[in-house]
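Open the model in your viewer and keep the selection tool ready. Each stop below says what to pick next and what is there.

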Amino acid sequence: MAAWLVRRLAASIAIVWAVVTLTFLIVHLAHGSPCGQPDGLPVSPAICADLTRRFGLDKPISTQYYKYLGALLHGDLGWSIALQRPVAAALAEALPNTFALALTALILDFALGVALGVYQAARERRFGDIALGNVALFVNSMPTFWLVLCPQVHAFSCVADFAWHLTLPALTLGLVGAAGTARYQRAAMLEVVRQDFVRTARAKGLRERRVLLRHALRNALLPLITLFGLTFPFLLTGAVLVETVFAWPGMGRLAVTAILQRDYPIVTAAALVASVMVVLGNLLADALYGVADPRIRVRAT
Amino acid sequence: MTEPLLRVRDLKTYFVTEHGSGTARAVDGVSFDLHAGETLGLVGESGCGKTVTSLSVLRLIPEPPGHIRPGSFIEFAGRNLLTLAPRELRAIRGNQIAMIFQEPMTSLNPVFTVGYQIAEAAIVHQRLSRRAARTRAIEMLKLVGIPDPAQGVDHYPHQMSGGMRQRVMIAMALVCHPKVLIADEPTTALDVTIQAQILELLERLQAELGMAIMLITHDLGVVAGSADRVVVMYAGQVVEQAPTPELFARPLHPYTEGLLASVPRLDAPPARARGRLHGIPGQVPAASDWPGGCRFHPRCPYAWDRCRDEEPPLLDAGAGEPGTHTVRCWLLTEPQRRTARAPLP
């Protein structure tokens with residue numbers, strides 16, 4: 001167990017380092033600069049030259065990289081060029097918002113998705129299954145349509161309340177996610193209910209509900225864990241489109257604005273957060289596999 | 001003769017075929033009795049309908065594509081299982097009639113401990129508490145000969161060998177002390193030495209618990225060792241039915257004859273020991289397309305015109321009481337035809 005953890009941790013650090021390095025190179029090699037036309041801050045050339053010098057942007061890229069990495073190892077994420085405040089402070093503001101949105105959406109996504117998928121599988125090819133399948137396909141294939149429609153509703157009811165503001169973006173993300181999750185869950189259930197051990201469970205004289213929800217579902221959750229591991233970082237790094245449309249001050253919006261303004265420290269910090277989330281999502285999925293399936297449990301020796 | 005425990009009459013289980021166009025008559029008018037405490041062997045090649053017959057008894061046929069035709073009748077303890085409400089049927093499944101399956105590898109749920117899977121039927125049917133159920137599971141594991149049952153109870157199926165898993169399946173089936181145990185090819189997936197152990201175990205448990213066993217197998221060797229009576233199935237029908245010693249001494253249906261001749265024997269009489277093992281030519285036809293007349297006639301060495309045109313009923317072979325030995329073959333009406341041609345190569 002300990003050896004496994006150490007191996008995983010080492011691999012995780014390597015991944016995060018690689019992502020940060022790549023992002024650093026890409027944003028610095030990309031066209032444009034933090035000030036001047038067409039993207040940067042609208043400031044005079046004199047101030048621009050001053051900024052460039054102060055942020056060390058005139059130095060060779062290797063020097064900048066070593067400086068950045070050195071600061072990072074000391075826990076210093078740097079100073080935002082556009083926001084004129086520490087990157088850590090900007091993240092501290094955006095992250096909780098994204099977490100609140102992402103966790104609400106995740107719960108909605110998987111609770112609803114799993115429930116619908118199981119229901120559909122139990123009613124395979126009957127009315128309930130087909131109707132829900134079509135609705136899910138519609139929701140899943142028209143996210144933009146959905147996103148445009150929602151703010152209109154939103155405009156009528158501007159209650160300055162966190163929970164209320166959370167409702168629409170979380171519903172949007174959660175429902176679109178649930179539509180996909182339900183399809184996975186349905187397929188997984190249908191595969192499992194054809195297996196011999198489900199017949200064994202029926203032969204014992206168990207209720208159909210117990211057969212499906214206990215014997216089949218436990219097995220059909222395994223492919224869902226993979227999906228969870230992928231969805232988790234996607235939502236926790238900020239769903240860019242939804243955050244933008246709903247003016248939700250989270251990571252996605254922060255990152256997009258920073259990219260447009262060539263605010264290098266924020267962009268690399270956002271990539272850092274994203275890679276940490278991917279690694280975390282994978283770790284979480286692995287831990288869940290162990291809980292759900294005794295065959296892949298890591299031996300505690 | 002006492003009342004049978006399980007009475008199957010004119011059982012017809014049909015399936016809609018893959019393309020939805022035809023009907024596969026997998027079981028087509030099967031009748032037999034199972035008496036308390038006896039072992040009944042149900043024998044035939046793959047595709048002859050024996051597994052579908054056994055699954056039909058507990059109504060475990062997936063619907064669709066399968067369905068049991070109206071007019072079929074499966075009586076257990078005075079009630080027709082085919083018309084029972086789901087709730088009443090559940091009270092019989094796993095409690096009065098239990099089943100073990102061919103594949104111990106896939107018939108156990110991989111995510112639950114074997115102890116839980118054994119105890120589950122007792123929890124559901126007898127409302128045992130968790131702790132009592134666990135104690136019962138340990139007892140059952142001991143009964144079926146799992147070494148160190150107190151530890152084995154917490155094992156998962158993947159931690160056990162095939163033979164051990166089949167023992168677990170048996171423990172699971174017997175936990176409520178059923179009156180009938182349906183064993184569908186219980187030893188087919190196992191090594192020969194393990195096969196013998198499992199059969200011995202079933203025999204011992206039958207003596208201890210007194211249940212009736214319906215033993216489904218394609219292996220006449222298994223039947224010879226453990227069954228009191230044998231029902232031979234071919235193409236969805238019963239073709240011969242007799243007490244085991246009678247069947248082995250006097251097989252009357254050409255199919256039974258062929259099956260017996262295809263069993264390798266060390267003590268074979270010299271007439272048969274010609275160095276080569278006999279096989280029945282051809283194979284079981286598709287269930288959506290049974291031949292007309294006698295269903296065995298395309299493979300039968302004795303077949304004549306009548307066999308092609310007319311389907312034979314089950315005829316009494318006249319051994320002991322009526323119905324002791326029945327055969328679905330026209331040879332019974334014209335026995336001289338059997339000697340007219342030598343059946344074996």
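Select helix 1 of chain A, residues 2-29. Its 28 residues, at 1.5 Å a residue, should span 40 Å, and the end C-alpha atoms are 41 Å apart, which agrees. The expected span is 1.5 Å times one less than the number of residues. Helices here are DSSP runs of H or I with at least four residues, strands are E runs of at least two, and both are numbered from the N terminus.

Now colour helix 1 of chain A by burial. The helix is hardly covered, with 2 buried residues among its 28. Buried means 20 or more other C-beta atoms within 10 Å of the residue's own, with C-beta atoms placed from the backbone.

A note on the model: it is predicted, so local features need pLDDT of at least 70 and side-chain atom pairs count only at pLDDT 80 or more, while totals for chains, interfaces and linings use all residues. Residues are numbered from 1 along each chain as its sequence is written, and chains are lettered from A and ligands numbered from 1 in the order in which they are written.

Next, show where the chains touch. Here 19 residues of chain A are in contact with 22 residues of chain B (C-beta atoms, placed from the backbone, within 7 Å). Select helix 8 (196-203) and helix 9 (208-220) of chain A: each supplies at least two residues of that side of chain A. Helix 8 gives the most, 7 residues.

Move to chain B. Its open sheet has 8 strands in the order 7-8-9-3-10-11-13-12, with mixed pairing (strands pair if DSSP finds at least two bridges between them). Which strands stand at the edges? Strand 7 (97-100) and strand 12 (315-316) of chain B do; each has a single partner strand, so one side of each is left without a neighbour in the sheet.

Finish at strand 12 of chain B. It pairs with strand 13 (residues 326-327) of chain B in the antiparallel sense, over 2 bridges. Pick Leu315(B): its bridge partner in strand 13 is Val327(B).

Definitions and conventions
Contact = placed C-beta atoms within 7 Å. Buried ≥ 20, exposed ≤ 12 C-beta atoms within 10 Å, placed from the backbone.
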